[in-house]
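Below are some notes for a colleague who has not looked at this structure before.

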Amino acid sequence: MTVAVVGGGISGLVVAWRLRSRGRAAVVLETSTRLGGAVGTRQHQGFLLETGPNSFLDREPATRELASALKLEDRIRAADPAAKRRYVYTRGRLRSVPASPPAFLGSDILPLGAKLRVMGELFSGRVAAGVDESLADFGRRHLGRTATRVLLDAVQTGIFAGDVERLSVGATFPQLVKLEREHRSLILGAIRAQRAQRKALPAGGTPAPKLSGALSTFEGGLGTLIDTLGTSLGDAVRVGATVEGLTRVDGGWRLAVSEQGRRAELDASEVVLAAPAYVTQGLLHPLDAELAARVGGIEYAPIAVVHLGFDAGTTPAPDGFGFLVPPTEGRRLLGSIHASTVFPFRVEAGRVLYTCMVGGAKRPDLVGLDEPALVALAREELKALAGVTATPSLTQVYRWPRGIPQYTVGHLERMAAVDQGLGRWPGLHLAGNAYKGVGLNDCIRNGLQLADALLAASPRG
Ligand SMILES: Cc1cc2nc3c(=O)[nH]c(=O)nc-3n(C[C@H](O)[C@H](O)[C@H](O)COP(=O)(O)OP(=O)(O)OC[C@H]3O[C@@H](n4cnc5c(N)ncnc54)[C@H](O)[C@@H]3O)c2cc1C
């Protein structure tokens, strides 16, 4: 019997695609009239605009594997070399983020005392095993107050738009916790890892062909991936189909689906809930209030994407990937991506596109502003932070009231309890960015892994 996948974002699509490509019946039910969830690409007045995510790092084998199977490998586009530099707004201006330890020592990203404190990281200790620390506490122990406030908070803002004091380091940056556990000091750990990598190469040899590690998208934008998955899934996808209820029946599950004003039932042997956690909570509640409460306890930060497009010759092309603004700077922008510098093919020649991010866990109120107010805010902030004074010829706003899941302190414990709770419901599975990684790479890797586990458990379906 069929596997029913609830939600046609990247997570749900990947699960269904893998199942079907290995001969297992699967259907995707998506409430919206279009697929992709947060991922979407729109063409407006000569600008290619992303509704949510802009790019992914080409370092995840699962994403490459998916692109290759979909015959999209040739359409991966790496960021332009001009996008190499990144900026952080601190102490009244944009400052370049150093790319190497010697560059860090010579840079003005932190005051001298704070740079010396970062070097003191070599003497950091370990926290007791099993302690779920906030990202801020972890950062202060290793890097000191200023580096945590300026650099670590900026980095998390670029991924989670969160509150550094509330996010769990173990759930958001597990690789940092691993470095501490294995090497005590993050700097020592990084040096040893680099040495080990060099040693692993055969003498005089070149590394095996590997992922570029570059910031990337697809020709045509990230929507290309969604469109290709949608085409490949064909009539296994039902858009405009809202799952409203879930009950256990003999040998499987029954879903109540509302589709084009009609209510219907769909029976499935297994169900993958790949909708946002707050929707999944509602579906789980009649079955298992405890499990539903755990899932529903996952918070989201709202975020608004404000695109400002400029005609050729009206404003200079900005250098670098873009800039981030640590929340303690008290500004109203989380940051801005220099989209036309990163991926020049996204604009017609000479045009400039800034993609500004507003809101996040620290300023959720701003996402509630109307569109003209959000555009005015983004323009004012771009002028103050980056000196952009020209009038944009294109403005476009995409709002995500519950945009990015927040893995707050306790998230790992919550996930352990969720996994245990799911054990009470054979054939019921969770997928999506709320649980074990928010990036596109995470969603793809986790989606493929879940599908493979289902296939392994019941090979002939
Ligand atoms: C503004 C923004 C910028 C981002 N930038 C990046 C980036 O640059 N790089 C990166 O790697 N990641 C980025 N992310 C994160 C990444 O885009 C998301 O984590 C990922 O797209 C989530 O995919 P998903 O399928 O898990 O969830 P979603 O995209 O939320 O998909 C869930 C789907 O479920 C559907 N649904 C809801 N209720 C029902 C129901 N009852 N029945 C049926 N369907 C239902 C929804 O309509 C939706 O399509 C960004 C996210 C945002 C919001």
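1. The largest nonpolar core has 38 residues, and I10, L225, L229 and V272 touch the most other members. A nonpolar core here is a set of buried Ala, Val, Leu, Ile, Met, Phe, Trp, Tyr and Cys residues joined through side-chain atoms within 4.5 Å. Buried means under 20% relative accessible area, exposed over 50%, and partly exposed in between, with a 1.4 Å probe and protein chains only. At least two residues of this core come from each of β1 (3-6), α1 (10-21), β2 (26-30), α2 (61-69), α10 (223-233) and α16 (440-457). The largest share, 8 residues, is supplied by α16. Helices (H or I, at least four residues) and strands (E, at least two) are DSSP runs, numbered from the N terminus.

2. The model is predicted: local features need pLDDT of at least 70, side-chain atom pairs count only at pLDDT 80 or more, and totals for chains, interfaces and linings use all residues. Residues are numbered from 1 along each chain as its sequence is written, and side-chain values use heavy atoms, with hydrogens and water left out.

3. Which residues does L225 touch, leaving aside its neighbours within four places in sequence? L225 is in contact (heavy atoms within 4.5 Å) with I10, L66, L70, L72, F218 and I444.

4. The largest cavity holds about 30 Å³ of space, and its lining consists of I10, V39, L222, L225, I226 and L440. That lining divides into 6 nonpolar, no polar and no charged residues. On a 1 Å grid over the protein atoms alone, a cavity is a set of points where a 1.4 Å probe fits but cannot get out; a pocket is an open set with protein on both sides within 12 Å along at least five of seven lines; lining residues have an atom within 4 Å of a point. Grid points are joined across faces, edges and corners, and a volume is the space filled by probe spheres set on the points.

5. The second largest pocket has a volume of about 360 Å³. Of its 15 lining residues, P81, A83, K84, R85 and R86 lie nearest its centre. The lining comprises 10 nonpolar, 1 polar and 4 charged residues. Ala, Val, Leu, Ile, Met, Phe, Trp, Tyr, Cys and Pro count as nonpolar, Asp, Glu, Lys and Arg as charged, and the others, Gly among them, as polar.

6. In helix α12 (residues 289-296), L291, A292 and V295 are the buried residues. Seen down the axis, they fall within an arc of 100 degrees, so they line one face of α12; the arc is that of the directions from the helix axis to the C-beta atoms. They pack against α11 (277-284), α15 (411-422) and β20 (428-430).

7. The buried residues of α8 are L176, E180 and H183. They cover an arc of only 100 degrees around the axis, which puts them on the same side of α8. Their packing partners are α5 (135-143), α7 (169-172) and α9.

8. R184 follows α8 and lies in the loop between α8 (174-183) and α9 (186-199). R184 is not a glycine, yet its phi is positive, about 70 degrees. R184 is partly exposed, at 26% relative accessibility.

9. Q260 also has a positive phi, near 45 degrees, in a residue other than glycine. Q260 sits in the loop between β12 (252-259) and β13 (262-268). With a relative accessible area of 64%, Q260 is exposed.
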